[in-house]
Structure formats: C-alpha cells, structure tokens
Amino acid sequence: MELTPLKTKKYIHKALLDPQLKAAVDKATQTSLSKRQDKVDRIPYWEDLRLKANAIKREVIENLDTYLTQFEQQARANGVHVHWAQDGEQARNIILDLARKRDVKSIVKSKSLTTEEIHLNDFLIENGIETLETDLGEYIVQLMGQIPSHLTAPALHLTRVEIGKLFQEKLGIPYSEDPDELLAVARRTLRDKFLNADMGISGVNFAIASAGSVCVIENEANARLTVGLPKIHVAVMGLEKVLPDLNALPYFLRLLPASATGQMASVYVNLIAGPSRAKYGEGPEEMHVVLLDNGRSKILADPQLRETLFCIRCGACLNVCPIYQQVGGHAYGWVYMGPIGATLIPQYLGEKEGHISPFLSSLCGACHEICPVRINLPHHLLKLRNRVVETGNSPWFWVLGIRAWAFLAKRPGLYRFATWFPGKMQQLLPRETAFPAPGYTRKRALARFDRLGFRKRFMAEDKVKG
Amino acid sequence: MTASREIILDAIRSSLKVPSNLPQIDEEADQRIRKSLQSITPRDAAGRLKQFAEELEKISGEFVPLGAETEIAGHIAGVMKENGYSELAFSGERAKSVARRLAELSPETGLVDGAEGNFEQRRDRIARIPVGLVEASWAAADVASLAVICDEVPSLLPHYLTECVFVLMNPKKLLANLFELFEKMTPSNGTNIVLVAGPSRTADIEKILILGAHGPKRLIVFPAEF
C-alpha cells in the first residue's frame, strides 16, 4: 500500500464515506482515552512527570551531539557495532549488507515506526530475504499489504471479521472471527519463525547514553523473542531516542504505557546492553545499532520545532484529535499520523509534499494537553502552516481567496458592499436554501448568510452595551 | 560509515548553534514527584507486598502468598496436574531447589535445567515446555514489575518461552516504585535487564484484551525469601 500525503484529500473523502472505519476508530480511540484517564487519575504526580520528561528531553535534544557520542562510545565498549545512516537508503543498505555477509535468509521484526519510515520490510523482501513482522497488529497489516493506521495500534481500522477472512485466505485456516483463536494461529505460526530466524530487527524506544544500552518496550513478548533468539540483533534507532542515564528512564516508563495503552506499566521492558551470547550463553552473538538521521538534524535547526523531536510515539495525541477520530490514520498518507504526524510530515518530506498535513487540525489544543512530554503541537502546526505559505506551497485557490479578501479589507466601502451583497442575493433563493459552494456542499450544507450581516449586528450589539 | 558519522554530527552541531527559545523549565517538578511518591508509598514491607499483590492482580497476574519451598512446590504440582502439564523448565538456584521438591511430590514431572546444554538445543527444547519456574532479582510494588538482571540468572529462556511461568520474588528485594528500583539495582554497564509486569498480552484485534500473545499466558508470583 503506497500512500502519499499529496493525496490526503482523496483519502479523507474515502474515510468519511466508510462507516465501518469510523466505528472502529471511535471504539479504539474512546477505549484508549478512557483507560488512559483511569491510570492518570491514579498517579497524583502526573503533571510533574510531564514537566520532568519535557526537561529531560530538552536537555538531550539541546546537547544531542554530546549524548550520541557518549552512547556510541559506551555501546562500542559493550561490544555493539554502531552504524550511522544519513538517510533511509543508507540505513537499508547497511542492514542488507549485514544480512548478505552473514547469509541471512529470514528475519523477524518487532514493531518499529523508524523502520516503517524507511520502508525496510519491502526493501529486504525485494532483496530475497523473508522479513516478518511479529507484533500481532503489525503482522495483520503486513499480511493485508497495508501500513499501520495508528502509532501503537497498527490494525485499529480492521474488524475481527476482516482479520478472520485475511487469516483464512493467507494462512489457509478455517474461518474464525474469535480473537483468541486468531491470536493462537498467529502465535503458532510466528513461534516457528522466531526459532528459525537468522536475524532479529527491533526499533528502540530509548537509548541510555551513560550505559550504551537500548530499551525496547512491548506487551506481547515478540520483541523479547526478536532480540533474544536469533544470532544477530539489529536495532534501528532515530537519533532523538537517547536519554542521559538509567535514572531518567522511570519517568518515561510511567508516562509511555499510560499514554499509549492505558497501562500502569508495559509488560516487557528490555534493556539490552550488547550481544549476550558470549556473556550469558544465550541470545545474539552480534548486536548492531543503526543510528538514523533521515532529516532529524534538519528539524533541530528550528529552535521551536525541534520540540517535535521530543515525541515518544505514544499515540495519545491521535486518540484525542477530532480530525483523527473522523478519518483514521491512513488519511494522513504517511507512517506518522494524527497531530504529531501532521507536524512531522512536512518536516521530513518537505513543505511541497506535506503542504496539506499541518492543516489537518482544528487547533483545539487537546493534543498539547494530553502529550506526555508536553509538545506544543498547535503552536508547531501553526508555524508549519506559515512555512507552507512562505515557501509558496499553498494551493492557488487559497492564495487567490486570501488576496481577494486582503483587497477588500483595505477598502472599507467595498468590504461593506461585499459582506452585504450575498445576504441580499440570498433572498432570491427559496427559504432555508443556501448558496452552493462547489466541492464543499457536495456532502454538506453551507449555512445561510445572516440577514443583517456581521457589521450591522456588531454595531447594534455595541449600541445596546453602551 | 565514518564519513556519515561526521556529516551527521556536523549537521547536528550546526543546527544547535541556534539557541532554543522554548518556555522555561520548571526545575522543581522532580522534587514534587519525590514528595508525592513519599506520601503515597506504603511505609512497611507488609504494605509494599500488599500493594504489589493488588497491582499484580489488576494486570491479570496471580499472587500466591506462599514462601516455603514445600508449599510452593505443592502449589505448582496442583496447577500442573489441573492443566495436564508434564514438564517444567527452571532457571536459578532457588528455583532449582523448589524444582527438586516438586520432583519429590510429583516424580512423573519432567524437569529441565534452563541453563544446561548449548543455546540452540535449550531454545528449541524450552519452546516446547509449557511451564517455567524462575527468579526475579528485584521488584517494584507500585506497578507490580519484576526485574530480572541477566548477570544474576543462568537463563532467561524459561521466563518468556513457556506458557505458564512461576516466579520466586524475594520480598526483601521488593522496592516501593520504579524510581527506587533504578536507584537501587545499580547494574554495571553492559548488563542486560528485563522488567516484566504480568503475562504477555495484546489488544490488537478490536481492542479486546487477550493474554498470552507470544509469551506466557499466566504469571504466578510467590513471595519466597532467598
């Protein structure tokens, strides 16, 4: 499934006509929000956790070069091979090269948005290496040939009936829509793959600079199997994932599960400090960390927008966003969606490709209020809207509309006429009928113009108030 | 890739020349967190254990208040019989000792030392064994998390490859919360650690919670001093 933010409008129209999608997104987002609130209510120091996490992230991001080199040095001392990749192509080639040199035939993967960002699966499969997602949701969307529709719930848009049919078709099993049975099938199929995989690829939730270790957080134990069974473990990590030391981790271990899945703690927190076979007699013989830039160093250049690099990918801003709730994740056209996606898309892909994304927000501020690291998303969305305009990437009809408005606004007489005239013309239409607006009124009605007009009404109100 | 490293670091340094103008940081947040933690933390060991048990049950784990080896072995034998399990893989000295008691009580149980043999053989064998008996290095009461420091356990495999895992948790190493846990356990650099809170789970199909995703379906904790 090849999506692009350039076709966002098309995806939105499609999503709005899909009541099943709306029902699935509603159920998932409302369940997540309610579970989250239940946990937040049980943590009296929640707001202080958010403040502290913001301060830790700021310290790291403002000194990113120092923490990254410290991490690299410690990781190397632990026996980890550290690779630096400027973009997706370099990262993909590093991993393919590692796989080819070690005759890797099969790879198991745990959930990683960073690898989604660089389209790693398709690349490895095209190069003849079996690459399987093992998180249940990711496994389902991979079988479906889709990309995740939510940061933490990849198959959120699918019903159990669709998943049952998918398993019947792709895995050759009798149809069932019982979630227990569907999970049992996936568990059996993937257990075998885990035991025979040559390489495990994981993402990284956090990296600890002082210890040179990476932290992989999950609930299913698929990441534990991915990092613990194959001979080679490759962790793909965005540059921004580093934390100063282990004492910084507990703040995030409280914030992330509550915000993401409404849990007090994630089931598994894997802190991996190097290849464990030589030391512990089990686990990987080799461990590699690929440090991926892919535009992150460019995002750093803006003293305000660099805050978007604080994101811990919990997905809470998606759940609370009125736009996401209406259209789901695929409408955004990329691997990051919701309010955080709307800020990341133009920053990673450029204002031309991402010119619609920052406008996918009502700017209500709910995303800022819920964000566990207090990213001021509405502010950043506004700033990115400005950038879209400044770089000349606004659609022509917006530019024309604003120019027309500016022309009238500078001429009070004409402005008065222009705001009075449509109201008068409207009287020629049957009652309760509004002017048609091409496109807009195809699926909804435009409100009728006020009989008096804003100006007259305002002046009348002003007179009453004295 | 040395060139990439330098290019990326140069780009970061160049970007960071523009100072941040984000709002001021509230420096006292951490002090307030500590104060709040103190006010909600049970003061004694019994209170912490009670909190751990309650939190564990909320996440579908099971807490069995038995500490003596014979009692623990008896409970395990009962669960194994009830579910038709015939083999158990163990990891750790105390776990080994409990496993021996289990063998006395139920001689037909097949016992496998999780640390014996080469890795590939152990991995393939333990993946087919339904029950694990393991030890936790530390625990945090407020989130019912068990910490396993890999330097201290002979094998991790029975922890996550089995379907039903029994965990021996030393109440003396039960700490109030995750903050204390990370302060106290002080792993040396290069140490692998796994925190476990309850049985593995997923809600990826219509948000319906199902236990036993790719790891254990049941996690049963005994407060056993060792």
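Visitor: What must DSSP find for two strands to pair?
Guide: At least two bridges between them. Keep in mind that this is a predicted model.

Visitor: Fine. Which strand of chain A is joined to β9(B)?
Guide: Strand β9 of chain A, residues 268–272. The two are joined by 4 bridges and run antiparallel.

Visitor: Which residue of β9(B) stands opposite A:Leu271?
Guide: B:Ile193.

Visitor: And inside chain A, which strand is joined to β9(A) by 5 bridges?
Guide: β6 of chain A, residues 213–218. That pairing is antiparallel. Within it, A:Val216 has A:Asn270 of β9(A) as its bridge partner.

Visitor: What holds paired strands together in general?
Guide: Strands of a sheet pair through backbone hydrogen bonds, parallel or antiparallel.

Visitor: Zoom out. What is the strand order of the sheet with β9(A) and β9(B)?
Guide: β8(A)-β5(A)-β6(A)-β9(A)-β9(B)-β6(B)-β5(B)-β8(B). That makes an open sheet of 8 strands, with mixed pairing.

Visitor: Why is one side of β8 in chain A and of β8 in chain B left without a neighbour?
Guide: Both stand at the edges of the sheet. Each has a single partner strand, so one side of each has no neighbour in the sheet. The residues are 242–243 in chain A and 174–175 in chain B.

Visitor: Now the whole interface. How many residues of each chain are in contact with the other?
Guide: 63 in chain B and 78 in chain A.

Visitor: Which elements of chain B supply at least two residues to that side?
Guide: Helices α1, α2, α6, α7 and α8, plus strands β9 and β10. α1(B) gives the most, with 10 residues.

Visitor: How does that side of chain B divide into nonpolar, polar and charged?
Guide: 34 nonpolar, 16 polar and 13 charged.

Visitor: Switching topic. What about the fold of chain B, how many helices and strands?
Guide: 8 helices and 12 strands. Of its 226 residues, 46% count as buried.

Visitor: What is the radius of gyration of chain B, against a compact globule?
Guide: Chain B has 22 Å. A compact globule of 226 residues would be near 17 Å. The C-alpha atoms fill a box of roughly 70 × 50 × 40 Å along the principal axes.

Visitor: What share of contacts in chain B links residues 24 or more positions apart?
Guide: 75%, counting contacts with a separation of 6 or more.

Visitor: Last one. What are the domains of chain A?
Guide: Domain 1 spans 43–294, domain 2 spans 304–390 and domain 3 spans 396–465. The centres of domain 1 and domain 3 are 53 Å apart, taken over C-alpha atoms.

How values were computed
Residues numbered from 1 in each chain as written. Chains lettered and ligands numbered in written order. Predicted model: local features only at pLDDT ≥ 70, side-chain atom pairs only at ≥ 80, totals over all residues. Contact = placed C-beta atoms within 7 Å. Nonpolar A, V, L, I, M, F, W, Y, C, P; charged D, E, K, R; others polar. Rg over C-alpha atoms; globule rule 2.2 N^0.38 Å. Buried ≥ 20, exposed ≤ 12 C-beta atoms within 10 Å, placed from the backbone. Domains from an automatic or database assignment.
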